[in-house]
Amino acid sequence: MSTRQLRTTASLDCTLLSNRMDVRTKEKKCSWASYMTNSPTLIVMIGLPARGKTYMSKKLTRYLNWIGVPTRVFNLGVYRREAVQSYKSYDFFRHDNKEAMEIRKQCALVALQDVKAYLNEEGGQIAVFDATNTTRERRELLLSFAEENAYKVFFVESICDDPDVIAANILEVKVSSPDYPERDRESVMEDFLKRIECYKVAYQPLEPDEHDKNLSFIQVINVGRRFLVNRVQDYIQSKIVYYLMNTHVHSHSIYLCRHGESQHNQEGLIGGDSELSARGREFAAALKGFIEQQNLTDLKVWTSQLRRTIQTAEELGVPYEQWKILNEIDAGVCEEMTYKMIEEKYPEEFAMRDQDKYHYRYPGGESYQDLVQRLEPVIMELERQGNVLVICHQAVLRCLLAYFLDKSAEDLPYLRCPLHTVIKLSPVAYGCKVDMFDLKVEAVNTHRNRSLNKIRSDAKPSVFSRRNSFTPLSSKDQIKRPRCHSMGNQAQARMSQAPTLPSMQFSEASEGAELQQNENLVNGLSAVEPDDGIQS
């Protein structure tokens, strides 16, 4: 964004500032929001620098998009870097630096216009305003903006006085920030600590018993050791609180794999409860050796309640837990059929599933969207636990990976999850590092590529949508909104190739920047293999 554009937009928004006190006395332009439960929501982050605001913003956005609520982060640091091309020192953040304060104020106004465009014109449901927002003046501006546009507001304040946590955050994230190109760790630490002191001078925390008692918010204290929740208004705010209270910052690894090859896999049958094949049992033995090589302490092993995952876990010789919600997607009347059999017996169902695989629901069974909702408790436990090995199924693994890798609903049903491969996820600053381990045990290919057939123009909508699991979203016009993913922010075009998971590691992204690893994943998900297998 050029300085000219910034100045022009900020000038237009002066009207918002001058009239914000009159908003409460005027009739609302969007009166419908007063009775719509699912009005757009503005999540406002609060806190001093290096308190994990961007970390929480990105994780929360990833979760909300995964459960089907279109959400986007608006990081004010990005706007500031576009307006001020080169960062020199902490002096820019001094409260008595009037020129810098004006630039920062104008950046906030520009960001709010983008928030408005996203929520009003681009199908967004939730906008996360990621900035310090440490003064009541700034928060009053945001409240007035939200009231004028009939948005709900939920504040998330991160409070941390643990010097070790703050120092670790600076070294892990800020050293690689665009603000500090080619700077040594010591100088970065010194400058950033002085930047924090500049904010402390004007910091006005939320006061739940006095000034801010009527606001809706959660205070996250010392990285989740304590929480204070105030006046939760609706379902989506309760989901935000639920998620943040289950998100723990700790070092751990998550191992995901499918069961060993089953007899049904060999026969091309979907669903069912068959036992492992000979090669499946060979994989189970190889998995035991792999886990032993990882030298993991306190490893928890989870399986579904189907025999093929249980038999795979039995070979490990360690305790394991069975989760019914980890069972494979329910194919309903199509259970234990091949795709060829389905195409011949239920040609209309076969065609409908190819048209919208995420929302399509098997007759008497489930859709991928149903499966995502079923798996939400698993995600919460994975966020809380230490090292975990999850032995599950293809559709289940796709849903779990879509959460951790921030994949869209469009791509989720086509993620490539081969048999006899272990996927290791290691949380880093703003995402996950991904490692894939092929245990070198031969297995059938159960992947089917995305269909190249387009929806016929003469197809009857009533037939196509009769069992699709669309979740209604309340909006002024009640138009179904697209599910966007949080990085890139543009709805992805339908790809003709199937996404794959590259066996590569990803570097940490800097604050306010897009996750490069997610971009690499999207760009690298184009490997095409012959459609010679089956898929859930």
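User: Which residues line the second largest cavity?

Analyst: In this predicted model, the second largest cavity is lined by Cys334, Tyr339, Ile342, Glu349, Phe350, Arg353, Asp354, Tyr360, Tyr362 and Arg448. Its volume is about 80 Å³, and the structure holds 3 cavities of 30 Å³ or more.

User: Why is this space called a cavity, whereas another is called a pocket?

Analyst: The space is called a cavity because a 1.4 Å probe fits there but cannot get out, whereas a pocket is an open set of points. The second largest pocket, with about 780 Å³ of space, therefore falls under the open kind.

User: What makes the lining of the second largest cavity nonpolar or charged by class?

Analyst: Tyr, Cys, Ile and Phe count as nonpolar, and Asp, Glu and Arg as charged. The lining of this cavity accordingly has 6 nonpolar, no polar and 4 charged residues. Helices H12 (339-345) and H13 (347-355) each supply at least two lining residues, and H13 gives the most, with 4 residues.

User: Which helices supply the lining of the second largest pocket, and which residues are the closest to its centre?

Analyst: At least two lining residues come from each of H2, H3 (76-83), H4 (98-121), H5 (136-148) and H7 (185-202). H7 gives the most, with 5 residues. Among the 36 lining residues, Leu76, Arg104, Thr132, Arg138 and Tyr199 are the closest to the centre of the pocket. The lining divides by class into 14 nonpolar, 9 polar and 13 charged residues.

User: Why is H2 called roughly antiparallel to H14?

Analyst: Helix H2 (residues 53-66) and helix H14 (residues 368-384) pack at an angle of about 160°, and their axes are 11 Å apart. Angles over 145 degrees count as roughly antiparallel, so H2 is placed in that class relative to H14. Lys59, Tyr63 and Trp66 of H2 make the contact with Val372, Leu375, Glu376, Ile379, Met380 and Glu383 of H14. By class, this contact has 6 nonpolar, no polar and 3 charged residues.

User: How do you know that glutamate 383 and lysine 59 meet in a salt bridge?

Analyst: The N to O distance between the two side chains is 2.9 Å. A salt bridge needs a nitrogen of Lys or Arg within 4 Å of a carboxyl oxygen of Asp or Glu, so the pair qualifies. Glutamate 383 lies in H14 and lysine 59 in H2, so the pair ties together parts that are 324 residues apart in sequence. The structure holds 20 salt bridges.

User: How is the packing of H8 against H14 described?

Analyst: Helix H8 (residues 235-246) and H14 pack at an angle of about 35°, with axes 8 Å apart. Lys239, Tyr242, Tyr243, Met245 and Asn246 of H8 meet Glu376, Met380, Glu383 and Arg384 of H14. These residues divide into 4 nonpolar, 1 polar and 4 charged.

Note on methods. Residues are numbered from 1 along each chain as its sequence is written. This is a predicted model: local features need pLDDT of at least 70, side-chain atom pairs count only at pLDDT 80 or more; totals for chains, interfaces and linings use all residues. Side-chain values use heavy atoms; hydrogens and water are left out. Axes are lines fitted to C-alpha atoms, for helices over the stretch in contact, and angles run from 0 to 180 degrees between N-to-C directions. Angles under 35 degrees count as roughly parallel, over 145 as roughly antiparallel, 65 to 115 as roughly perpendicular and the rest as oblique. Contact means heavy atoms within 4.5 Å. On a 1 Å grid over the protein atoms alone, a cavity is a set of points where a 1.4 Å probe fits but cannot get out, and a pocket is an open set with protein on both sides within 12 Å along at least five of seven lines; lining residues have an atom within 4 Å of a point. Grid points are joined across faces, edges and corners, and a volume is the space filled by probe spheres set on the points.
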